[in-house]
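Trainee: I have a new structure to look at, and I would like to learn how to read it. Could you guide me through a few features?

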Amino acid sequence: MSDLPEKSLFRVVGTRPIRPDGVDKVTGKAAFGADIHLPGMVIGKILRSPHPHARIVSIDTRKARALPGVKALVTADDFPDLPDVDFEAGEGAATLRDIAHNVMARGKVLYDGHAVAAVAAISPWICDEALALIEVKYEVLPHVIEVEAAMAADAPILNENQVTQGLGAKPDTPSNIAKRTVLNRGDLEAGFAEADMIVEGRYRTQPVHQGYIEPHACAASMSADGQGEVWSSSQGQFVIRALCAKLMGAEMADIKVTPAEIGGGFGGKTTVYLEPVALALSKQCGAPVKMTMTRDEVFRATGPTSGGVIEVKLGAKKDGTLVAAQVELKYQAGAFPGSPVGAACMTALACYDIPNFLITGWDVITNTPKVAAYRAPGAPAAAFGVESAMDELAERLGIDPIVLREKNGVRDGVKASYGPTFKDIGFQETLAAAKAHPHYSAPLAPGVGRGVAAGFWFNIGGESTAAVHITEDGSAVVVSGNPDIGGSRASMAMMAAEVLGLAVEKVRPIVGDTASIGYSMLTGGSRTTFATGMAVTQAAEKVVAELKVRAARTWDVAEDNVAWRDGEAICLDPAKDNKPLSLAALAGHTGKTGGPISAEVSLNAQGAGPGFGVHICDVEVDGETGNVTVLRYTAVQDVGRAIHPAYVEGQLQGGAVQGIGWALNEEYVFGDDGRMQNSGFLDYRMPVASDLPMIDTVLVEVPNPRHPFGAKGVGEVPIVPPLAAVANAVRAATGIRMMELPISPPKMRAALDAVAQAAE
Amino acid sequence: MSRKTHVTTTVNGDAAEFLTDPHATLLDALRDDLRLTGAKEGCGSGDCGACSVMVDGRLVCACLMLAVEAEGKRIETIEGMAQEGELHPLQTQFLRHAALQCGFCTPGILVAAKALLEANPNPTEVEARFWLAGNLCRCTGYDKIIRAVMDAAADMRQERRAS
């Protein structure tokens, strides 16, 4: 199939070494965003709107500025008003104006928690006092939270200048609907006419937060000449640089961003919230400014992902062959356009080969925080609807749910619902592995239900830069431009070690600042191991080529008479009797053979392999409390080839558990006043250790021939199947199809009561 | 502006003192005054456990205790867990099992897990899961964390038998 080396030939790839940044992380030394301390530093804090929708009539800052200890105070007036041009960054798109207005409200506040002003002072307590002295006059406006309420003709309008795009003719009245997206194929009506069985359902989800444990944090310093420095935890130092420069009206080269260790992101740290504010405060007072969010601020003003309504209609022949599908997705974007409904449309039916379909997506602005990317943005909620409907179909047709998916599942050569033709995919292999797993055939105790669901994510490539430097003693340093969220430094070091023939411990990977390494897109889209891994591999290959040149020079033989094996140059010239030259030996004499040896590669990686997962879930439902307990869980996924299997398993386990949280407990709860009522970890209930069983994983390896070691992205797929896998298991356990997430105890209990009442 | 209070305490076996604002939590004092940033603030409300430390042998969330309350107390943090450069068995097993991804919750989980193994050297998986239920991890799904804790417990029992 490809000319990839056999897996058995690898010395490093596929093993489980200790991660190079591990010791610092188990001893407390690793420096995250809030751990940075700069000489002369002051503290910055943000004043946030208590209203979900209001016009800002005036902001009087005089009393706050006069408070002793206050060093700087900024509002939107301290930032340039930016044009309405698109800015693409990783997994999300927005206009520069929207990004700027989200960082600091201008004219109107659009959600509870929207920033309206910021202060810097010599202590956090003086900041709090100063914030209380800022007098903001609001003209409160009617607000709208729910997606369908926001779509209604009489809804309060958030943005008078917004008309719906994608309708063909340009409408002449403003709307909260930013955009309609349509994907179709074949003849929908004829397709459904052919069907022997049609299932229909309307599913709902609420906004959920990425829930990284580290709140957003940064420190920033801006000098009088306009040069600035930022230290922050983010998924991409380059996107932070770009946005800081744009929002401050500075040149990108004048802003240097150093990535701190990042305490989780899951897509939520792909944009700016604090960094430009800290720079503006620092510019005003001349001192470095540190800002950290509280958890309340994280919930009210960052993330989350969209809540939405997902309507699904599937038509199939008696034998299970899908003949038609209709999916309609309505997603909350929050205060500014840019919900992941486009990706949701593209992924909704991507697992299946269906001749006739229509998918319609609606991107709708609401008085809630602007959504940010969250692991496979848009896909989990769409899959909740489609995979619940597939379960319903399997049940009604009396077909095993995995067999139904095998029958309709995509394979190589099939044109994907979103356009391209699939190549080197492993969905069928993943389904087969799930069917063969002992979990799938294990007997069920009374009251226990089992559900399965599938999931898809594109995975991306994109622009990356990496450098490999050989030190004087023959060890190596790998520099990349991608923040390491989940162990990517380990896989970068492993790939370089594999090519160089070094022990992985002799390769030290670091994440460079924006001035030390060339541009890289952010860590997101499951792209780092694929794209940055490719850059690392190519840089290591360049180094090896140079090492061979140096050996040839040392031996005075032709370059093609030198081979590189296991970290040594081998002389192939039969006329010469040269002992192999180790990397260390060559590195020690670079001064005599042509100078230092290093290589940097910048590329735009193409051909990332799409990923598929199949999850199996057993649950038990407490009839008294309505509590759903996950008893057993197995995540099966095609990962291409696992570079570091333990961290690949970790991605599957972590993604599955985020999905379980989404299915069972997590949701934004808004009061009638439009304010979030559960902006803390006590009331926004993420899974804890005692909620869960072990999460079993199966790594299916269908290599991606377009990556030097066959890797595919793995991080996002595992959050796609769990929502439906859990709901399908609840259906199996109780006979009730829960069509609204989360399946929290009160909701489950109400559903059980309704069934009991109906039976009476 | 309120006057600061002088606090004398012991941190990881060494005498430590700091001047603190009456508003400040123990976590603020550790991180901002003593510059021990291993304990993290994830929520500030005692729900995530990222700031777990030991105070006079008791596991506490440093964000829920005022700094002035540390007067005369014996405090242990993640920075004191590795002894003389040698990692604690829990730290070793966390690395071996890849029981951390971003690593932000890790210091708090290690401190809490050490407290567990001091109270119960031979916990069941369920006991470990309930003991650590106050420590949120969003990256790992807890699987590898629990395995690492169970293996570290076994290592420590072995060590005790050998000594």
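Trainee: Into which domains is chain A divided?

Mentor: This is a predicted model, and in it chain A has domain 1 (7-29 + 461-605) and domain 2 (378-459 + 609-759). Each of these is written as two stretches of the chain. Their centres, taken over C-alpha atoms, are 38 Å apart. Where the two touch, domain 1 of chain A gives 23 residues and domain 2 of chain A gives 22 residues.

Trainee: Now the cores. Which residues have the most contacts inside the largest nonpolar core?

Mentor: The general idea comes first: in soluble globular proteins, nonpolar side chains tend to be buried together. Here the largest nonpolar core has 188 residues, and A:Val277, A:Leu329 and B:Phe94 have the most contacts inside it. Helix H11 (residues 379-397) of chain A supplies the largest share, 11 residues. A separate second core has 50 residues, among them A:Val13 and A:Ala551.

Trainee: What does B:Phe94 touch, apart from its neighbours within four places in sequence?

Mentor: Its contacts include A:Val26 from chain A, and B:Leu100, B:Ile109 and B:Val149 from chain B.

Trainee: And a charged residue, B:Asp47: is it buried or exposed?

Mentor: B:Asp47 is buried, yet it has no salt bridge. A salt bridge needs the charged atoms within 4 Å, whereas the nearest side chain of opposite charge, A:Arg295, is 8.6 Å away. The side chain of B:Asp47 does make a polar contact with that of B:Ser45, at 2.7 Å.

Trainee: Where is B:Asp47 placed in chain B?

Mentor: Look in the loop between helix H1 (26-33) and strand S3 (52-55). Beyond four places in sequence, B:Asp47 touches A:Phe681, A:Leu682, B:Gly134 and B:Leu136.

Key. Residues numbered from 1 in each chain as written. Chains lettered and ligands numbered in written order. Predicted model: local features only at pLDDT ≥ 70, side-chain atom pairs only at ≥ 80, totals over all residues. Heavy atoms only, no water. Helix = DSSP H or I, 4+ residues; strand = E, 2+ residues; numbered from the N terminus. Buried < 20%, exposed > 50% of the residue type's maximum accessible area, 1.4 Å probe, protein only. Lys, Arg positive; Asp, Glu negative; His and termini not counted. Polar contact = N/O pair within 3.5 Å; in protein donor to acceptor, adjacent residues only side chain to side chain. Contact = heavy atoms within 4.5 Å. Core = buried A, V, L, I, M, F, W, Y, C linked by side-chain atoms within 4.5 Å. Domains from an automatic or database assignment.
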